Each structure stands twice: as structure tokens, then as C-alpha cells.
Amino acid sequence: MTTLLPTAPGRRHPAGDRPQPEDAPPTSPLARLWAARLWAHAAALAVVLLALIPVLGGTGASFSADEGAALVQARHLARGQGWVVDHPLPQVDPGQKAYPLELSSRGDKGTAPFVKHPLYALLLAGADRIGGTTAMVLLSLAGTVTAAALAAALAIRLRPTLARPSLWVVGLATPLLFDGYLVIAHTLGAAFAAGAALLALRAAEGRGPRWLAAAGAAGCLAVAVLLRNEAVFWALGLGVVTAALAISRRSRVLAVLAFGAVAVAVAAHVGEQAWIGGILGGHVVALGGGVETGLGLAKIHAFVLTWLRPGYGDAPRAELALSVMSGVLVVGALAVRRHPGDRRAISLLGGVAAVSALVALLVAPANLVPGLLVACPVLAAGLCLLRRSTIETLAARFALGTCAAFAVMVAATQYSTGGSGEWGGRYFALGLPLVIPVVLLALADAGARLDRPTRQVAAGALAVCAAATAVMGVTSLGETHRFTARLMATADRAGRTVSPGGRPVMLATTGAIPRLAWATFDRQRWLLSEPDDLGGLRGRLVDAGVTEVVLVSNDLQRDLDRMGPGVRVVSTDAPGNRHGWQVAVVEVEVQP
């Protein structure tokens, strides 16, 4: 990681010039490995990401309930059962209030759990036919590797020596590492967003057929929008930056590209809504949730959560240590910027930041960090070191301008809770492949102003912080996978005792639970109820002849009380008892 702060800025030289000293063939084995072609580095990154799958507990459980909805939908499609997932017990829930899959979409033809991006559901279904859920995860990992490779392609335009560091930092030291194991299309969206920006930049630079590059950028934007909602903002940001460039250069090609970026994004979004309407028919409505509008304190809270928060309050000591790490990194970066000759202060600050990161990792290795600047220390330090000289090139201005416009629009429109449970502000992931090479350039230029020993200390400290947060992200993901797997396995065992060989009735009062049960969803009959509706639902279950259910709850006594008098608990199990989760076999028939 010391390559983040090279001894001197790399120098470009036209073909035919005498090579500079840093271009001499490497002599040590490590140097020869580092000098390998970029495709070899991308392949090595892929191997590292694949090797982490067993560490994370495999691919049999998910981190996010959104993943569960996508997986249920994909498996339904892969089996040829279509988009609509029917209510498992319509006779006991005629009003469809207890439909099990929260945030589904409903139309005249029925209800689909994940139809908001039909293209992604179809991609997952195709992957499922090839290799099940493992192939679906591999699709996300391919997005991480591609995004990292595209970051390297941008870095070549900024400074060729930064290409390899950009690839590895994006792949292992940003939230795209975490997102690579999620089935929610963040990494694929980031790859297509980066591809669109690089092709637009190619058109702006006049490299090759400009119209062909512009057409390719439009195509990438369309796919990105069909994968992720926030890609619309990416297209708008790209359009704004390209329009400014077109005006300054009086370029017709860039003007068309700027207009086309916005038009293609709008067309893709409108076309997708029509596609969804065709799938479900008639007026499509979302079940549960809601759209938040307006600015104010909610958006400020969301910004703090997704950019600055070191955790969700579950590990206060680790969060304090991470806050110290982030604050000291910022102070250290400012010291490098303003007082590069102050060796003692810079070294001390670097040491404190590194120690704080390690303390946080030791105290709570599975702490979940929603703040992007905390989860990605390289980004935090690099942003503090940006100078006018950093964005001298068109590539740097184009990348940073697009990312800034995109980030502002997402921050102004995201939910007050951010992306719910997340690692490093997931709605901002699309910009990482473009912003990381720019901040690495800022870090490299800052490192060139330090003497060698101080530079090594600063680079080492930043490497420790980045490694500690990356390990924390992997650990938190793995622990969540394992706990979710235990909870769902416990519920499945309870269901088999209630209905051996049949489809047991499963009750939940938290929307995530039925979606997290995607692996066993087809052999169970889940109902999702508000706690206050449990009494009426119990009565209708008894009328339908259902005498026992499995209740999965994180407030079991409350839910039993809501079910009414006469309810008997046959057995309970608490798999790890995380946040009070329990699985209870409940006899719901009231005895006379």
C-alpha cells in the first residue's frame, strides 16, 4: 500500500523518448509481480474475492432483506413460474394485508416481490439456472472486478503509475468489496456507470470515433438505470458536466451527448415503468414503505448517517475508536497539506489513526459502518488533499464533477434512514470507481512533498486504516450471514415439527423475516402481520383449521399478548439471541 504515496509523481513521456529511471525493469520478485499487466491484477483480485466466499459463510444466506426479495423472484422465474408470487393463505387473509413479502409490487395480475428492476431479476434468474445462488453472487463479484478495472482505466489517464493501486483500492478498500457479496446490483450499476463516464470522456478527448463512444455511453447509462434507481442521478450529473464542457468547447458532439445522457436515462426509466405495468397489469402499487420528499432535518440526518456515522449504536467503544481514526486522519491530511515538513506531527497523527483503527477492529470486529468516509479511509484522506493541481487534466475534472453532482442529488433525495442496514452509504457506490483514482492522485502528490521516512509512516498508517475497515466489513457481513442462516434454519426445523412433509404456517411481525427465508420460502406458508392484527389473524387461522404456527419474533411476549388469551407456547428456541430473536411453536387454537 506504500504505492499510494509514491516518491515522486510519475512522468509521461512521448513514444521514442528515453525511458525515465522509474521505467527501468523491476528486479525483485515482488516488483515483477506488481509490474504485471492490468488484466493479471484484475484476475488476481477476482481470485481474492472468490477466496473470501467460504469466509463469509458461503452463499446460502443473505445480508439484506432486499436480497431475499430478489432471490425469491429470481428462483420463481428460473422455475418457469412467472413473475407473480401468489399469497400462500388467501382464505385467511382476504384483504391481502398479511402478504408475506414486504415492499412487493401489486397490479391487476397479482403481486411480484422484486419487479422494480425486471432486467436484474431476469439476470438473476439466468444465473440461478446456471449455478444457483452462487452464480448470482458471482454476478455481483464480476461487477466489483469490472468496476475496479474501469477505475484503473481512468487512472491511466491521470497518471499511469496509479492504475494498479486504483484497481486494488476500489476492489478491496471501498464498499464495493462488501457490495460484491450482495445480490442487489450495486456493483453492476457501478460498473456500467463507470463505463458510461469513461466512454463519454473518450468522446470529449476526441479519441477514436466520437459518435461511437457517445453511443456506447448512452447504452451503458440505459443499462445502469435499469439496474439501479440512483443511476438516473448519475446520468443527470454526467449530462451537466458534459453540457458545461460542450459550451466551453462549442462542441456539437458533446452537446448531443449531454442531452442524450439525460434523454436516455429518462427513456430507460419510463420504459421500465411500462415494462412493469405490462408484467403486473393495470395500476401498480408498492406494498408498505413510502416515498420521502422534501429537505430539512431528515436529509441532514441521512447525510450524517451515510457519510459520517461509524456504526448503528451497537458497539459504542468501537464507534468511538473509529470516530477518532476518522478525525485524526482528517487532521493528519490537513497537516500534510499545510505543513509537510512537520515530520513529528504527521507521524504521530498517522500512528494514532492506525492504532485507533486496530482498537476498533479488536473491540468489535463485526461492527457495521454506514458512513462512507469512515468505511473508506482512503476516500476521506484523499478528499482533504485535493488541490487545484489535482484536477488540471480533463479526466480528473470530468470524473470529480460527475461524482460531485451525483452525490449532491442522492444526498438530497435519499431516505432519512439511508440505505437501512448498509456498509458505507450504498446509494453512493456508483461514484466510487471514478472518485478513487482522483483522490489517489491527490494522495500521491501530497506524498511527493514529504521526505521518505515520513511518507512511509503516512502511507503505512493509511494502509492499516484501510485494511482494518475492510476486515471489519468482511467480518460484519460474515457474522450477519451466519446469524441469518442459523435463524432461518431454526425456523425451518420448527416448521418441520409442526407439519412434517407439509407446508407449515409461519408468522412474522418484522418485514425482513419472510424475505430472509428465501431458501425455504416455497416449502413454507409465511404471513406477515402487524402486532396489533395478530388477534384477528389467529381467529381466521383457527377457522381455516390451522392449529399450530411457527412465530419468529424479536419481541415474543408482545406478540403472544397480541394473539390473545388461551395461546399456548409448545417450544421456543433462541439462535444466538441476537437482538432478542426467538422462534416459537405456538398452538393457536383456543381450548374450551
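**Cores, a patch and a buried proline**

In this predicted model, the largest nonpolar core has 179 residues, of which Y181, W234, L379, I436 and V552 touch the most other members. Helix α4 (residues 118–158) gives the most to this core, with 17 residues.

Me: What makes a set of residues a nonpolar core?
Reply: Its members are buried nonpolar residues joined through side-chain atoms within 4.5 Å.

Me: Which residues does I436 touch, not counting residues up to four places away in sequence?
Reply: I436 touches V169, V170, T174, C376 and L379.

Me: Why is P100 called buried?
Reply: The relative accessible area of P100 is 1%. Buried means under 20%. P100 is therefore buried.

Me: Where does P100 lie, and which residues is it in contact with?
Reply: P100 lies in the loop between α3 (65–78) and β1 (105–107). Leaving aside neighbours within four places in sequence, P100 is in contact with P88, P514, F521, W526, L527 and L528. A35 is 65 residues apart from P100 along the chain, and their C-alpha atoms are separated by 53 Å.

Me: Why is F303 called partly exposed?
Reply: F303 has a relative accessible area of 36%. Buried means under 20% and exposed over 50%, with partly exposed in between. F303 is in between, so the term is partly exposed.

Me: What makes the nonpolar surface patch of about 480 Å²?
Reply: L297, I300, F303, V304 and L308 make that patch. F303 lies in helix α11 (residues 297–308).

Methods. Residues are numbered from 1 along each chain as its sequence is written. This is a predicted model: local features need pLDDT of at least 70, side-chain atom pairs count only at pLDDT 80 or more; totals for chains, interfaces and linings use all residues. Side-chain values use heavy atoms; hydrogens and water are left out. Buried means under 20% relative accessible area, exposed over 50%, partly exposed in between (1.4 Å probe, protein chains only). Helices (H or I, at least four residues) and strands (E, at least two) are DSSP runs, numbered from the N terminus. Contact means heavy atoms within 4.5 Å. Patches are made of residues with over 30% relative accessible area and no salt bridge: like charges are joined within 9 Å, nonpolar side chains (Val, Leu, Ile, Met, Phe, Trp, Tyr) within 5 Å. Accessible areas come from the Shrake-Rupley method with a 1.4 Å probe; for residues, only the protein chains shown count as cover. A salt bridge is a side-chain nitrogen of Lys or Arg within 4 Å of a carboxyl oxygen of Asp or Glu.
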